[in-house]
Amino acid sequence: RFPLGRLIVLTGVSGSGKSTLARDVLLSELKRAVDEKLADAAPGILCERIEGAGAVSRVLEVDQSPIGKTPRSCPATYVGFFNHIRDLYAATNEAQARGYGATRFSFNTPEGRCPACEGQGEITVEMSFLPDVKVLCDVCRGMRFDDETLSVKWQGKSIGEVLNLSVDDALEVFSSSPRIAKPLALLQAVGLGYLKLGQPSSTLSGGEAQRIKLVTELAKADSPAKTRRSANTFYILDEPTVGLDPADVEKL
C-alpha cells in the first residue's frame, strides 16, 4: 500500500528490492495506468495489476541524471526563470532606446552573445593526449555577452553579472519580482542557495541536479496555469539523500 498525499519512504537492507519496487514495479505500472498510449501494453512481469491508480494523473521520476551536458545549460535556464530576467532587461529604457528585445539577452542566440566563446563563457582547449581543458574566455571574461549587451543595466547590474550571482544574492535582487523570486526561494529552501544562476550544468553533482529537477517541478506546481495538471502528480525519487550532510537532508 502506498498512501497518497504523503511522503513515503522505502527502507531495507542492501539488495532487498527497494529500487526494484519503486522503479520496475511502481513507476512502470503507474506510467502504464495514467498514459493512454501505454494502456494496452502487457503488464510487467513483476506486477499483475495496480489498484487505485485512478487518483493519479501524472507520474514522474526525479533522478540524479545530469540536467545538461554543455555550459549552455544552467540552473536559471533549466528551472525556467531566466526568461523573466531577460524580459526585465528588455523593458529597460536603455534596451528600448537601442531596440533590444529579450532575445538580445540570451546567450543561446548570436544577437548579443560573445562571438569568441559563443555565449559559453569558456573556451575549450584540446589537449593531444589529455582530456580537453576549459579556460575562461579572455574576450568577455566569462560574462557570456558582448560589451554592448553588458552595458545595459538593471538595478545597477548587467545580465552577465546577474548570471554570476548566487541564488541567495539573486533572491535579494529580485525580491520584487514574484515570478523570479519564487523559484529562487525554492532553490534556497532545498539547500542550493550557494549555486550561481549561470553555473554550467556539467559541473553540478548528481544530488544537486536532482534537487534542481525537484525545484523545477515544485515551481510548476506553484504556477496557477499548471496547478490542475500537477495537483495529482506522483513523484518517485531514488536515493535523494545520497551524499548530503544531515543539514541538507533536513532541508530536502
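Biologist: By class, how many nonpolar, polar and charged residues does the lining of the largest pocket have?

Modeller: This is a predicted model, in which local features need pLDDT of at least 70, side-chain atom pairs count only at pLDDT 80 or more, and totals for chains, interfaces and linings use all residues. Residues are numbered from 1 along each chain as its sequence is written, and side-chain values use heavy atoms, without hydrogens and water. A pocket is an open set of points on a 1 Å grid over the protein atoms alone where a 1.4 Å probe fits, with protein on both sides within 12 Å along at least five of seven lines; lining residues have an atom within 4 Å of a point. Here the lining has 22 nonpolar, 9 polar and 4 charged residues.

Biologist: Which residues lie nearest the centre of the largest pocket?

Modeller: They are L7, I8, Y235, I236 and L237, out of 35 lining residues. The strand β4 (233-237) gives the most to this lining, with 5 residues.

Biologist: Is S106 buried or exposed?

Modeller: Buried means under 20% relative accessible area, exposed over 50% (1.4 Å probe, protein chains only). S106 counts as buried because its relative accessibility is 10%. The side chain of S106 reaches the backbone nitrogen of N108 at 3.2 Å.

Biologist: Which residues does L184 touch, beyond those up to four places away in sequence?

Modeller: Contact means heavy atoms within 4.5 Å. L184 touches F81, V167, A170, L171, F174 and L197.

Notes
Polar contact = N/O pair within 3.5 Å; in protein donor to acceptor, adjacent residues only side chain to side chain. Helix = DSSP H or I, 4+ residues; strand = E, 2+ residues; numbered from the N terminus. Nonpolar A, V, L, I, M, F, W, Y, C, P; charged D, E, K, R; others polar.
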